[in-house]
Amino acid sequence: MQEWANQLCENRQFGSKMTDSKYFTTTKKGEIFELKAELNSDKKEKKKEAVKKVIASMTVGKDVSALFPDVVNCMQTDNLELKKLVYLYLMNYAKSQPDMAIMAVNTFVKDCEDPNPLIRALAVRTMGCIRVDKITEYLCEPLRKCLKDEDPYVRKTAAVCVAKLHDINAQLVEDQGFLDTLKDLISDSNPMVVANAVAALSEIAESHPNSNLLDLNPQTINKLLTALNECTEWGQIFILDCLANYTPRDDRESQSICERVTPRLSHANSAVVLSAVKVLMKFMEMLPKDLDYYGTLLKKLAPPLVTLLSAEPELQYVALRNINLIVQRRPEILKHEMKVFFVKYNDPIYVKLEKLDIMIRLASQANIAQVLAELKEYATEVDVDFVRKAVRAIGRCAIKVEQSAERCVSTLLDLIQTKVNYVVQEAIVVIKDIFRKYPNKYESVIATLCENLDSLDEPEARAAMIWIVGEYAERIDNADELLESFLEGFHDESTQVQLQLLTAIVKLFLKKPTETQELVQQVLSLATQDSDNPDLRDRGYIYWRLLSTDPVAAKEVVLAEKPLISEETDLIEPTLLEELICHIGTLASVYHKPPSAFVEGSRGVQHKRLPGSAGSGESVDSPDTGSAAGVSEAPPAVIPSQGDLLGDLLNLDLTPPTATGPPPAPSSGMQMGAMDLLGGGLDSLMGDESEPPPIPLRTDTPQSPQLSHQSPSPPDYSPTELGGDLGGSPAMGAGFGAPAAAMPATFSAPVSGGLDDLFDLGGGVGMPMGAYSPPKTVWLPAMKAKGLEISGTFARRAGVIQMEMTLTNKAMSVMTDFAIQFNRNSFGLAPAGPLQVLTPLSPNQSIEVALPLSTVGPVMKMEPLSNLQVAVKNNIDVFYFSCQYPISMLFVEDGKMERQVFLATWKDIPNDNESQFQIKDCHLSSDAASSKLQGSNVFTIAKRTVEGQDMLYQSMKLTNGIWVLAELRVQAGNPNYTVSLKCRAPEVSQCVFQSYEAMLKN
């Protein structure tokens, strides 16, 4: 009986050990003292229990840092579980108790030589996680041994530890040669060691984009592919991501890599699948399309992508966002898989909307009937957002697949008959686009649309209906009444509706002038005199002026033939798409934005590109200026990387045509630059070869408003409203391309103003504020120079670089015979004359000295680039110091590029030479920033405003002839600016960015 009782007691004790939840249920107060006693107990089990209680308290947020020395004493144990717990405690509290943490160093070093590989790995992992500078130097020797340990588990742990140590102290890692050891581990026999070495090197390379750590070559790639088959799923992801950064030498190597990566497509882990897809999508670029293997690869890519859609909704969404990119690049991969994108009743809304988008992208003549049947079904759902998107999708199908247009219009009319308010409104919006795509084909439905006029309450639908009424006014008997009904609440309408109403009534007037004269005067008066909106007011002035000067010209402009709208308006810009394909399986592919758009940090961002596509096949061509222009064809331009928004600017061909006669004399009201643009570049864009006669200004119209100084911001004229595609309108050419002398004086203000915003011609950036000079700092302290203290700064005054110094004598004796000399430096800075200290420098006396500098001295690249080593001699001794000059001192006064040269140079500099930086906490407007920078010889060439963001395009030239081009983005209300720099010598970009930051913040 006694034995049975003892056994029962032991079982109960064992049962209590099996669960650790009891450690989290205690609510005792004053237990720190009790824990301290238990931690110092002689019994091992009691110690272990005490450490578990400490970890539990730490986990729930109690401060148990007072027990640090007692817990550290428990490290001296052979029990692996206890050692793990103590290491966990150390990682948590080492940062707050760095001095105490050093006590544990000896145990770490000892554990790194333990016969048990698990303990060796545990020790080196914990040392890597303790982010305390004092401990890192002790970590080096144990880490070096573990990197060459005989056990692969220890080596793979040590590889990750190198990346952690690099994050704490990069210089130490480089000095100790750990990076070379890490590179050697890529050749390790164990695949997991290889994967961890690749992961560590990739992470280090990301934080140092210009370092060539992962020097990938065919031999290294072969080793990685061999390891790929045998390592864990996360190891495979690291290796595949690394492979995606490699550019094969030719199509044969590309095919070989694809063949060895393809088996990863059948992996159970979706991250492995997407990483494999990324590698294959990138390397497919190098395969000839007529190759049999190319077609085989396309077929192999479809099943794994389809399989991803059977996962849970969150994973489906990530897969769909990636598929959206893949379909835009290679729609043929999934062209036969339309059914998998049909929406299920229980799909979350975010999955439904994404599927809908992909359905439209895959829609073709072969499957359009199936797609339309689905979309019509979706339009009767209860989810309003989904229904709206479905109705829009029907319209997109009509525009994309011409053969289906009639069926789509019929489907939309059926939906309008449902009289469901939001369905009707969306249908009207898309029918407007169908009219634009297929003119004079489906206008018979206009009567049905007009029946629903009263139910429209959304701005976009109202604007679409007004456009339809104005465009087809001659077919609608009561068009004037319909538009007049909108006019009653003109001031309550949104800007979009007001602009559309103004244009529609002007169109109606040009079609039925006798009946609608009063109506047009009413709307012009409302737009120009009663409105505060500058866009609306400027458009009103333009229409009023056109109608009052030459109604025939007005008719040709306003009623010009509209260009057909494109099939796919929401495709991602090709350069951005290329970059996003290189980021498949990452957050960038879900956001559809490059990493630089959402990852904070001012380090230079490396833009990834697909192989074989940069600079070929997809260049941005300038608009053809025609043979009359006499301009030689420019070489293909490189597309600027997405994120700098320069695409639209580079599309402008501003080359003036060769003049056949004397140039027109500029009027007093317009600057030369503006005249050159108006008299030349725009004429060639409009195809107007001969100089048109000037339009006479009618003076018998007293109500015609004067345009001068009326518009505070430039008008936003859409090509649709002001003369279609600007292609065949002589009137347009006449109005804007006439010689300045013959132009109405009132035209000079808005025309010049409109272009000022693009090409900074009207002094919009204000006067320059003077060059930036940093405040003086102490270069040579008195204690290091026997009492001589030198503080100084650099300045550029009237084109001369000056080294401005204050010499202070803090010694007891007089100082004389001063001289100065520079070591060789990056930009050849040298004294242009002797150091002028004309009187002896008495004790406690200071003197100001300005030393002019030249840039013709001997050159040697310094680290950092702007470092200057100086020797100063006096009657006591020779003293040495180094200082750094701001690179803005080297920006010369003739650094303003011509516009055309700027455009050509930006295109010509490789995209790899572009760096992007963030300037934080800057509260200047774009004009103030431009003025400030211009004072330091950073010249603004052009300025644009896109979606509320000002973009300044700037140039600067260094004393050694290096040009730096910049794009500065300023968002109103956002204190963070983005600056993109392009230069043929990219190593200067970091220094230029630092100068930008200093100039704007001081």
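I shall begin with the aromatic rings and then turn to the backbone. Please bear in mind that the model before you is predicted.

A pair of aromatic rings is described by the distance of the centres and the angle of the planes. Across the whole structure, the search finds 11 aromatic pairs. Let me take one that involves two tyrosines: the ring centres of tyrosine 438 and tyrosine 442 are 6.2 Å apart, and because their planes stand at 85 degrees, the pair is edge-to-face. An angle over 60 degrees is what that term requires. Tyrosine 438 is buried, at a relative accessible area of 5%, and tyrosine 442 is buried as well, at 8%.

A second pair has another geometry. The rings of tryptophan 779 and phenylalanine 881 have centres 5.9 Å apart and planes at 20 degrees, so this pair is stacked. Which parts of the chain does the pair tie together? Tryptophan 779 belongs to strand 1, residues 777-780, and phenylalanine 881 to strand 8, residues 878-884, so the contact links parts that are 102 residues apart in sequence. Tryptophan 779 is buried, with a relative accessible area of 11%, and phenylalanine 881 is likewise buried, at 7% relative accessibility. These two residues also belong to one aromatic cluster, together with Phe794 and Tyr885.

One further ring deserves mention, that of phenylalanine 386. Lysine 352 lies over its face, at 5.2 Å from the ring centre.

I now turn to the backbone. Most residues other than glycine have a negative phi, and most peptide bonds are trans.

Glutamate 863 and proline 864 are joined by a cis peptide bond, with omega at about 0 degrees. Proline 864 is found in the loop that runs between strand 6 (846-854) and strand 7 (867-873).

Aspartate 817 has a positive phi, near 55 degrees. This residue sits in the loop between strand 3 (800-809) and strand 4 (819-822). Is aspartate 817 buried or exposed? At 53% relative accessibility, aspartate 817 counts as exposed.

Aspartate 921 also has a positive phi, near 55 degrees. Its loop lies between strand 9 (914-919) and helix 39 (926-934), and aspartate 921 counts as exposed, at 55% relative accessibility.

That concludes the presentation. Thank you for your attention.

Terms used. Residues are numbered from 1 along each chain as its sequence is written. This is a predicted model: local features need pLDDT of at least 70, side-chain atom pairs count only at pLDDT 80 or more; totals for chains, interfaces and linings use all residues. Side-chain values use heavy atoms; hydrogens and water are left out. Rings of Phe, Tyr and Trp (its six-membered ring) pair if their centres lie within 6.5 Å; planes under 30 degrees apart count as stacked, over 60 as edge-to-face and the rest as tilted. Buried means under 20% relative accessible area, exposed over 50%, partly exposed in between (1.4 Å probe, protein chains only). Helices (H or I, at least four residues) and strands (E, at least two) are DSSP runs, numbered from the N terminus. A charge sits over a ring if NZ of Lys or CZ of Arg is within 6 Å of the ring centre and within 35 degrees of the ring normal.
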